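Have the sequence and the 3D view open as you read.

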Amino acid sequence: MVDPAEVTVDDRFEVEVRDGLVVGGVPRFEVSTGRVVSVLLTVDRVDQVHLHVYDAVADVGPGVEAEVVVRAAVPGVFEAELHGSGLRVFELEVS
Amino acid sequence: MTHALMLAHGVGGRTDLPLSAWQAGWSAAAALLVSFAVLGLAWHRPRLRELAVGRVVGSGLASIGAPVGVAARWIVGFGAVVVVTAGLIGVDDVAANLAPVAVYVAFWVAVPLIVVLIGPWWSSVSPWEAAFRFVDRLRVGREGRTEVLLVGRYDGWLAVVPVAAFLWLELVYHDGARPRVLGWAGLGYTVALVGMALRWGTGVARRSEGFGVLFGLLARLSPIGREPETGRPVIRLPLVGAAVDDLRPSEVALLLVVLGGTAFDGVSRTRFWGDVSAGHTGWGATAVGTVGLVWVVVVVAVAWQAAARLGDHLTGGSGSSTRFGHSLLPIVIGYHVAHYFSLLVLEGQQLGIRASDPYGRGWDLFGTAGDAVDWTRVSPATVGWVQLGAIVVGHLGGVLLAHDRSIESWRPSIALRSQYPLLMVMVVYTVLGLVLMTG
């Protein structure tokens, strides 16, 4: 995970989880290799989000604005999910 | 949980084919149809059975084979003990324990590939086989007395159980990669097999050890085989070894379960399945997954059986399912490669890392504990081509085996007719398989 204060974010995305479901369905965010990506999460329950392979982790919950920031160095499609509930919240496609 | 999913469903990064799913599907289907036509026109005499005899290799290879075999037996046996004890008493963390990677990558992904490459060696190194040999020694003088059980109609069917249970743990159970779960499963399975061997004889136990049965079947594809009478190693073309023996019904069922399991893993990564299972967690997710797994296995198996029945009908014969069952072998291994290649190359790196600290206690036996997985070792495009190639080659192998068997059984016009339903199933499997890989 990249420190958001130290880099310029190239691509910004947002995801909202309500009542155990991703609002509008699980999105897939497509970015090019090398871009700095930020995903802002709003989740109505306390949990922890984890982006696979990049191993970015952030706490989420009511009133908590969680932001996952990574540099898209590894190509492929990667899932992010909530640790506690196992819910898939978004996919990041790097190509 | 997170890592459980990662392991169970391959690497988190799914890779896209360099061409679209439909292009890949249609090219593969076209390759099957063309090869079918070419075989029908040019291949009128069964040849594979004679090719399968192979050439006995000199005593050189055989003599280095023996000590290598003994060493491999001890290494695998010791490794199995480490893996099971790591599962039972190591740190109960999927990300730090050796057991999940060893079971799901080394055992389930690598062993089938190795037997296809270098032949029927699993039975010489299998830790369960070692246990059976020990039981044989205990039972000297008593053998044959209780061996009658399960012989006959139901013989061999028990082999389906452990493999089906394994697939369920891998693909469905929500805690299936947890070290404790794997440790207890490994120990329980071993105890059950040894108990079975003591009670009913090692023959029954061997035929119920589904992984040994499966790996033995897959090894028939290997360019290295054994001479039936002498057991001496022979070299032959790959694939042809499968043409020799018919499969039993229970062995066909075993292959269909494995194929269905791989197909379900593909289905479970699709958006469609994401929508179906959304909102289910824990045991709820396990229940939904169980229904999905059973459903996909049933669809794959029913498609096969229906094609076999239709083949029987068209030829007026019977037993197409087992007569052509061996043509499933290259297909199973093709999907296995397509599905697990990236897991092997990427997550497989964890094997070397965790071997240094199998119990997650902070050891660093080989100085590799601090290494990190290099996620860029293969590009998505390479993975895509390997997937496409493996599926197409697997199906071509299946078509070839089935064609050769059909002209062995019938005169050319009927033989060709027997193949249409099977060809249809293969085209459907291929197209769906490729769509699942990429969708």
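The report below covers strands, sheets, a helix pair and the nonpolar core.

This is a predicted model, in which local features need pLDDT of at least 70 and side-chain atom pairs count only at pLDDT 80 or more, while totals for chains, interfaces and linings use all residues. Residues are numbered from 1 along each chain as its sequence is written, and chains are lettered from A and ligands numbered from 1 in the order in which they are written.

**A buried strand in chain A**

Let us begin with strand β8 of chain A, residues 76-82. Strands here are DSSP E runs of at least two residues, and helices are H or I runs of at least four, numbered from the N terminus. A residue is called buried if 20 or more other C-beta atoms lie within 10 Å of its own, exposed if 12 or fewer, and partly exposed in between, with C-beta atoms placed from the backbone. Seven of the seven residues of β8(A) are buried, so the strand is largely enclosed by the rest of the structure. One side carries A:Gly76, A:Phe78, A:Ala80 and A:Leu82, and the other carries A:Val77, A:Glu79 and A:Glu81.

Strands count as paired if DSSP finds at least two bridges between them. The table lists some pairings, with one facing pair for each.

| Strands | Bridges | Direction | Facing residues |
|---|---|---|---|
| β5(A), β8(A) | three | antiparallel | A:Leu51, A:Ala80 |
| β8(A), β9(A) | six | antiparallel | A:Phe78, A:Leu92 |
| β1(A), β2(A) | two | antiparallel | A:Arg18, A:Leu21 |
| β1(B), β3(B) | two | antiparallel | B:Arg55, B:Ile235 |

The hairpin of β8(A) and β9(A) has five residues between its strands, and A:Gly86 takes a positive phi near 80° there.

**Two open sheets**

In chain A, four strands form an open sheet in the order β2-β1-β4-β7, with mixed pairing. At its edges stand β2 (21-22) and β7 (66-71), each with a single partner strand, so one side of each has no neighbour in the sheet. Chain B has an open sheet of three strands, ordered β1-β3-β2, with antiparallel pairing. Its edge strands, β1 (55-56) and β2 (224-226), each pair on one side only.

**A helix pair in chain B**

Helices α5 (residues 98-118) and α11 (residues 210-219) of chain B have axes that come within 8 Å and cross at roughly 35°; axes are lines fitted to C-alpha atoms over the stretch in contact, and angles run from 0 to 180 degrees between N-to-C directions. B:Val111, B:Pro112, B:Val115 and B:Val116 of α5(B) meet B:Phe215, B:Leu218 and B:Ala219 of α11(B), where contact requires C-beta atoms, placed from the backbone, within 7 Å.

B:Val105 also has its place in α5 of chain B. B:Val105 counts as buried because it has 20 C-beta neighbours inside 10 Å. Beyond its neighbours within four places in sequence, its contacts include B:Leu343, B:Leu344 and B:Leu351.

**The nonpolar core**

A nonpolar core is a set of buried Ala, Val, Leu, Ile, Met, Phe, Trp, Tyr and Cys residues joined through C-beta atoms within 7 Å. The largest one has 128 residues, and A:Val68, A:Val89, B:Leu218, B:Leu254, B:Val257 and B:Leu259 touch the most other members. Helix α16 (residues 328-347) of chain B gives the largest share, twelve residues. Another core, of six residues, lies apart from it and includes B:Leu193 and B:Met196.

How values were computed. Contact = placed C-beta atoms within 7 Å.
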